[in-house]
Amino acid sequence: MGQVAFELFRRDGFEKVTVDDLAAAAGVSRSTFLRYFGTKEDAVLGTADARGERVAEALRARPAHEGEWTALRQALEVAIEPYHQDPAASLAMTRLIRDTPALCARQLEKQHGWRPALARALAERAGSAGAPAIGQWVRASAALDCLNAAVDHWSDSDGRFDLVTLLDEAFAALGPS
């Protein structure tokens with residue numbers, strides 16, 4: 001259903017497509033659609049919550065000797081998997097999200113929910129059973145800001161720049177000098 005929603009939004013514009021349109025295009029009832037996706041935004045961004053947890057799992061799985069900043073950068077490979085699979089489709093999706101205020105806001109809201117999971121994963125890597133330290137919260141937040149800056153720059157370049165390189169550069173900008 002997510003791909004059907006994306007195609008409709010891309011063709012007709014997010015604001016013009018209704019939940020009824022989405023349900024009809026997917027061949028399901030309105031109530032079935034709403035059971036799977038609570039909102040139109042979630043039809044596009046429904047996998048964002050799961051992706052955040054997958055990033056946290058990848059972070060926990062990083063080698064123990066690896067520094068937090070390096071581990072965060074490597075774990076974010078999970079977040080850019082769609083880019084690796086199909087850069088053109090990923091760029092089109094990024095543009096839809098960035099150009100649609102409701103989608104952009106919803107994505108940032110969902111991504112904000114990744115911060116605690118990433119901070120907890122950093123604390124677990126450090127062997128802490130307690131709450132994450134402020135530094136771990138800051139690094140988790142900064143890592144997500146680096147991701148967003150890289151994606152924005154990549155999108156603004158019309159995909160001419162390599163997203164992985166941009167993400168590496170964003171991390172390097174905040175890394176040890």
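Contact is taken here to mean heavy atoms within 4.5 Å. The structure is a predicted model, in which local features need pLDDT of at least 70 and side-chain atom pairs count only at pLDDT 80 or more, while totals for chains, interfaces and linings use all residues. Residues are numbered from 1 along each chain as its sequence is written, and side-chain values use heavy atoms, with hydrogens and water left out.

The chain contains twelve helices and zero strands, where helices (H or I, at least four residues) and strands (E, at least two) are DSSP runs numbered from the N terminus. Read from the N terminus, the order of elements is α-α-α-α-α-α-α-α-α-α-α-α. The chain has a radius of gyration of 18 Å, close to the 16 Å given by the globule rule for 177 residues, so it is as compact as a globular protein of that length. The radius is taken over C-alpha atoms, and the rule is 2.2 Å times the number of residues to the power 0.38. The C-alpha trace spans about 50 × 40 × 25 Å along its principal axes.

Of the 177 residues, 44% count as buried; buried means under 20% relative accessible area, exposed over 50%, and partly exposed in between (1.4 Å probe, protein chains only). Among contacts between residues at least 6 apart in sequence, 65% join residues at least 24 apart. The accessible surface amounts to about 9,200 Å², and carbon and sulfur atoms account for 54% of this surface. Accessible areas come from the Shrake-Rupley method with a 1.4 Å probe, and for residues only the protein chains shown count as cover.

The chain carries 20 positive and 25 negative charges, whose mean positions are 3 Å apart. In this count Lys and Arg are positive and Asp and Glu negative, whereas His and the chain ends are not counted. The place of each charge is NZ of Lys, CZ of Arg, CG of Asp or CD of Glu.

An unreviewed UniProt entry lists residues 18–37 as "DNA-binding region". UniProt positions are given in the numbering used here, feature names are shortened, and annotations may be inferred rather than shown by experiment. The span is 75% helix and 0% strand, with its end C-alpha atoms 13 Å apart. Thr 32 lies in helix α3 and is buried, because its relative accessible area is 18%. Between Thr 32 and Asp 21, eleven residues apart along the chain, the C-alpha separation is 13 Å. Phe 37 occupies the loop between α3 (30–36) and α4 (40–45). With a relative accessible area of 13%, Phe 37 is also buried. Phe 37 and Val 19 are 18 residues apart in sequence, and their C-alpha atoms are 9.8 Å apart.

Two residues of helix α9 were examined. Gln 111 belongs to this helix, which comprises residues 101–112, and counts as buried at 5% relative accessibility. With neighbours within four places in sequence left aside, Gln 111 is in contact with Leu 144, Leu 147 and Asn 148. Leu 108 is likewise found in helix α9, but at 42% relative accessibility Leu 108 counts as partly exposed. The C-alpha atoms of Leu 108 and Leu 144 are separated by 10.0 Å, at a distance of 36 residues along the chain.

Helix α11 holds Ala 150, which counts as buried because its relative accessibility is 3%. Leaving aside neighbours within four places in sequence, the contacts of Ala 150 are Leu 163, Leu 166 and Leu 167. Ala 150 and Phe 14, 136 residues apart along the chain, have C-alpha atoms separated by 24 Å. The loop between α11 (134–156) and α12 (163–174) contains Asp 158. Asp 158 is a residue other than glycine with a positive phi, near 60 degrees. At 43% relative accessibility, Asp 158 counts as partly exposed.
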